[in-house]
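Thanks for making time this morning. I would like to walk you through one structure slowly, so please have the sequence and the picture open while I speak.

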Amino acid sequence: GMLWFDNDPKVDLQTKITRAADYYKRKYGTLPDLCYVHPSMLKDVNGRRNGIDVRPNQRVLPNHFWLGVQEKTTALSMGLENG
């Protein structure tokens, strides 16, 4: 994952997430699909936006964004493989 800081008071939360996601894509070559933010920041955005799951997390400081890619659950990782 990647931690991003943006305290620009002139920009809404969705724009900040988009900025962070754009940087993430340039740096890692793929778009993130998960973003954790401090619960106090979720006044105008909640849920999935532009393909990114936005979730509250007390451990993330205000004006910080933790972006990453969710692990995909597979039969193998759940111990459901045959044999």
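**Contacts along the chain**

Let me begin with how the chain meets itself: if we take contacts in the protein chain between residues at least 6 apart in sequence, 50% of them join residues at least 24 apart. Please keep in mind throughout that this is a predicted model.

Next come the aromatic rings, where a search of the whole structure finds three aromatic pairs, and I will describe two of them. In one, the ring centres of Trp-4 and Tyr-23 are 5.3 Å apart and the planes stand at 40°, so the pair is tilted. This pair links distant parts of the chain, since Trp-4 is in strand E1 (residues 2-5) and Tyr-23 is in helix H1, 19 residues apart. Tyr-23 itself counts as partly exposed, at 31% relative accessibility.

The other pair is Tyr-36 with Trp-66, whose ring centres lie 5.8 Å apart with planes at 50°, so this pair is tilted. Because Tyr-36 lies in strand E2 and Trp-66 in strand E5, the pair ties together parts that are 30 residues apart in sequence. Tyr-36 is partly exposed, with a relative accessible area of 22%, and Trp-66 is partly exposed, with a relative accessible area of 31%.

Finally, I would like to look at one residue, His-38, which sits in the loop between strand E2 (34-37) and strand E3 (47-49). Is His-38 buried or exposed? Its relative accessible area is 16%, and because buried means under 20%, His-38 is buried. The side chain of His-38 makes a polar contact with the side chain of Ser-40, at 2.8 Å. Leaving aside residues up to four places away in sequence, His-38 touches Asn-57, Gln-58, Val-60, Leu-61 and Pro-62.

Key
Residues are numbered from 1 along each chain as its sequence is written. This is a predicted model: local features need pLDDT of at least 70, side-chain atom pairs count only at pLDDT 80 or more; totals for chains, interfaces and linings use all residues. Side-chain values use heavy atoms; hydrogens and water are left out. Helices (H or I, at least four residues) and strands (E, at least two) are DSSP runs, numbered from the N terminus. Buried means under 20% relative accessible area, exposed over 50%, partly exposed in between (1.4 Å probe, protein chains only). A polar contact is a pair of N or O atoms within 3.5 Å; within protein, one must be able to donate a hydrogen and the other to accept it, and residues adjacent in sequence count only if both atoms are side-chain atoms. Contact means heavy atoms within 4.5 Å. Rings of Phe, Tyr and Trp (its six-membered ring) pair if their centres lie within 6.5 Å; planes under 30 degrees apart count as stacked, over 60 as edge-to-face and the rest as tilted.
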